[in-house]
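Notes below, in the order I looked things up.

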Amino acid sequence: MGLNPPVETVYKRPETLTQTATHYCPGCTHGVAHRLVAEVMEEMNLQEKTIGVASVGCSVFAYNYIDCDFVEAAHGRAPAMATGIKRLLPDRIVFTYQGDGDLASIGMAEIVHAAARGENITTIFINNAIYGMTGGQMAPTTLPGQITTSSPTGRDIEQAGFPIRTAEMLATLDGAGYIARRSLHDPKNIRKAKKSIRLAFETQQRGLGFSMVELLSTCPTNWGLNPIEALQWIEERMIPVYPLEDFKVSPALSQVRV
Amino acid sequence: MAKELLKGNEAIAEAAIRSGLEAYFGYPITPQTELLEWLSRRMPELGRTFLQAESELAAINMVYGAACTGARVMTSSSSPGISLMMEGISYIAGTEIPVVLVDVMRGGPGLGNIAPAQGDYNQIVHGGGHGDFHPIVLAPASVQESIDLTVEAFDLADKYRAIVVVLIDGSIGQMMEPAELPPMQPIQKRNQEWAVTGAKDRERRILSSIYIDPEDEEVINFRLLERWNEIEANELRYKEYFMEDAELVVIGFGTAGRVALSAVRAARSEGIPVGLLRPITVSPFPYARIKEQTELACGMLVVEMNSGQMLQDVLAAVGGKIPVEFYGRMGGVVPLPDEILAEIRRLCYEPVAPSANPRISWMNRMNITKN
């Protein structure tokens with residue numbers, strides 16, 4: 001009888017994630033989101049048939065980390081570019097990876113119409129309530145009163161209006177098959193986020209229409225917080241404004257167990 | 001195939017289909033809408049992709065994505081819509097992928113009007129968005145030529161992995177003429193060695209226009225420039241009429257060139273030794289041919305439906321060696337042959353100071369005739 005306990009790998013780097021170290025700031029959750037996408041791609045065996053569409057923002061180099069064919073879109077236009085690819089290659093998996101400035105500000109028209117058309121693509125939407133790459137300016141998702149470099153006294157709703165709840169908005173469209181918001185602030189929520197990303201790709205694979213997972217993410221550098229405080233800031237400040245829910249789940253997804 | 005009575009916009013659309021167009025993305029705008037409408041019916045019929053985008057901005061980026069898969073793709077628009085596409089055009093150029101674009105020009109600036117004009121010359125030939133690159137620009141002057149150059153546009157785009165623009169104005173888009181369509185080419189499933197299709201049994205591919213290291217970006221700029229030099233050397237096209245013994249040369253592209261031809265014919269019947277040079281590629285531009293002609297001619301007249309945009313290129317080619325005059329109509333006004341004939345007569349019988357600014361003297365003449 002063997003005395004050594006059986007060795008089982010329970011956690012490893014997915015093959016779909018390149019060996020390149022990310023350029024993200026310490027405490028930024030982009031790396032977590034990348035990994036979740038890569039894990040889902042691997043579990044669903046999608047690496048050879050997936051084309052990613054990177055956007056403009058901190059995640060502009062997403063293609064350096066997620067290991068599949070990639071294109072790099074102009075600012076805000078990832079859903080249009082993804083549409084062009086998917087229409088020509090309907091049996092491939094096409095996803096966009098966009099931040100809040102890219103998706104909810106300059107690219108709002110493209111995301112709304114891609115969802116309205118029921119475009120069979122998946123969008124990973126990183127909402128960190130700020131413009132990261134350009135150095136911390138106000139985003140469409142910046143909270144009322146939140147200080148940024150372009151709202152130095154805090155976002156004044158009288159002057160700059162209100163944050164946009166994109167997931168809720170897109171869920172009103174008939175073309176959307178799966179729309180959910182999740183958060184990356186603790187392990188429990190990260191696991192839930194992964195389940196949602198899986199469901200979003202399942203939605204696409206089943207041809208059930210547009211799918212998007214909005215992920216509440218940190219930006220410690222531009223929020224002026226340390227990484228732990230930043231995680232707490234998501235929980236205490238962002239979640240009350242951006243509730244974590246399934247906003248649209250195609251009935252056909254009810255059989256899918258992930 | 002027999003000649004049929006065809007409308008310019010529809011003829012271009014059908015010519016594109018017969019050249020193996022796999023996908024079209026566009027947005028309605030007068031005077032190009034029939035092109036989109038034609039494809040909205042024909043493309044699904046053939047099992048190909050047609051999509052009406054939410055804007056020209058989206059359309060050009062859908063084309064960008066679709067072109068990244070290695071397919072033959074096209075979009076079309078008219079002046080204000082082309083302005084909106086400039087960002088995407090620059091990205092496509094920076095990514096070095098083939099795309100065909102049709103611009104059916106209208107009066108401007110701004111919302112302008114829907115009448116024929118040539119005010120996009122600069123934005124297409126010398127513009128095309130930010131950064132250093134040149135699109136190939138073909139300027140047909142008839143429905144038949146629009147068909148032929150559309151077919152050629154796809155081959156040129158593939159050959160040079162470049163953007164090819166078919167540049168017409170609203171009158172060519174809207175007019176009906178007898179013309180012959182090309183035979184139907186089957187769609188070739190082309191396995192482009194650069195296309196993104198999913199990394200199955202090969203290394204993954206990344207298509208982008210980002211080169212964050214300036215040294216790398218400079219290499220790309222040199223590569224684009226080298227390819228452009230090759231295009232300039234091999235793809236120059238122009239048409240000459242009555243040029244053998246021409247002492248005066250009229251230069252015009254597209255509709256302006258076509259109207260000028262009527263005037264040149266009339267002037268010839270009066271015994272004036274005038275010829276017409278009609279650039280078919282306005283980019284690359286026939287600088288050398290025009291320069292060569294300065295040895296033989298004693299004056300040139302540039303005719304355009306704008307304020308003298310191509311005029312600048314002619315002046316650069318002529319280099320002050322002979323007088324150059326300009327006649328233009330703007331804002332959607334098409335010049336009549338008689339107006340150009342009057343200019344040819346004037347150039348023939350009245351001396352022009354080589355130092356005169358052709359645009360200023362044209363404006364002065366226009367004010368006199370307007371009074």
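Predicted model: local features only at pLDDT ≥ 70, side-chain atom pairs only at ≥ 80, totals over all residues.

**Entry 1: before anything else.** I kept to local features with pLDDT of at least 70, and I counted side-chain atom pairs only at pLDDT 80 or more.

**Entry 2: where A meets B.** I started with the contact between the chains. On the chain A side 28 residues take part, and they touch 32 residues of chain B. Which elements of chain A give two or more residues to that side? I found strand 1 (50-54), strand 2 (69-72), helix 2 (78-88) and helix 4 (108-116) of chain A. Helix 2 of chain A gives the most, with eight residues. Sorting the chain A side by class, I got 15 nonpolar, nine charged and four polar residues.

**Entry 3: strand 2 of chain A.** This strand is on the list above, so I zoomed in on its partners because strands of a sheet pair through backbone hydrogen bonds. Within its own chain, strand 2 of chain A runs parallel to strand 1 of chain A, and four bridges join them. Val53(A) is the residue opposite Val71(A) there. Across the chain boundary, strand 2 of chain A pairs with strand 9 (residues 206-207) of chain B, again in the parallel sense, over two bridges. Which residues of chain B sit opposite Phe70(A) and Val71(A)? For Phe70(A) I read off Ile206(B), and for Val71(A) the bridge partner is Leu207(B).

**Entry 4: helix 7 of chain A.** At 1.5 Å a residue, its 19 residues should span 27 Å, and the end C-alpha atoms are 27 Å apart, so the two agree. Its buried residues include Ala193(A), Ile197(A), Leu199(A) and Phe201(A), and also charged names such as Lys194(A), Arg198(A) and Glu202(A). Among the elements covering them I noted helix 1 (30-43), strand 3 (93-99), strand 4 (122-127), strand 5 (176-183) and strand 6 (210-216) of chain A. After the helix comes Gly207(A), with a positive phi near 65 degrees.

**Entry 5: the seven-stranded sheet of B.** I traced an open sheet in chain B with the order 3-2-4-5-7-6-13 and mixed pairing. Its edges are strand 3 (49-52) and strand 13 (281-283) of chain B, each pairing on one side only. Neighbouring strands are turned by 20 degrees on average, direction ignored. Inside the sheet, strand 5 (residues 99-105) and strand 7 of chain B run parallel, joined by seven bridges. Leu101(B) has Val165(B) as its bridge partner in strand 7 of chain B. Helix 2 (residues 33-45) of chain B lies across strand 2 (23-26), strand 3, strand 4 (73-77) and strand 5 of chain B, at about 140 degrees to strand 3 of chain B.

**Entry 6: the five-stranded sheet of B.** Chain B also has an open sheet in the order 10-12-11-14-15, with mixed pairing. Strand 10 (238-241) and strand 15 (324-328) of chain B are the edges. The twist averages 20 degrees from one strand to the next. Strand 10 and strand 12 (residues 274-279) of chain B run antiparallel over four bridges, with Glu240(B) opposite Leu277(B). Helix 9 (residues 254-269) of chain B lies across strand 10, strand 11 (248-251), strand 12 and strand 14 (299-304) of chain B, at about 165 degrees to strand 12 of chain B.

Terms used
Residues numbered from 1 in each chain as written. Chains lettered and ligands numbered in written order. Contact = placed C-beta atoms within 7 Å. Pairing = 2+ DSSP bridges. Expected span 1.5 Å × (residues − 1). Buried ≥ 20, exposed ≤ 12 C-beta atoms within 10 Å, placed from the backbone. Axes fitted to C-alpha atoms, helices over the stretch in contact; angles between N-to-C directions.
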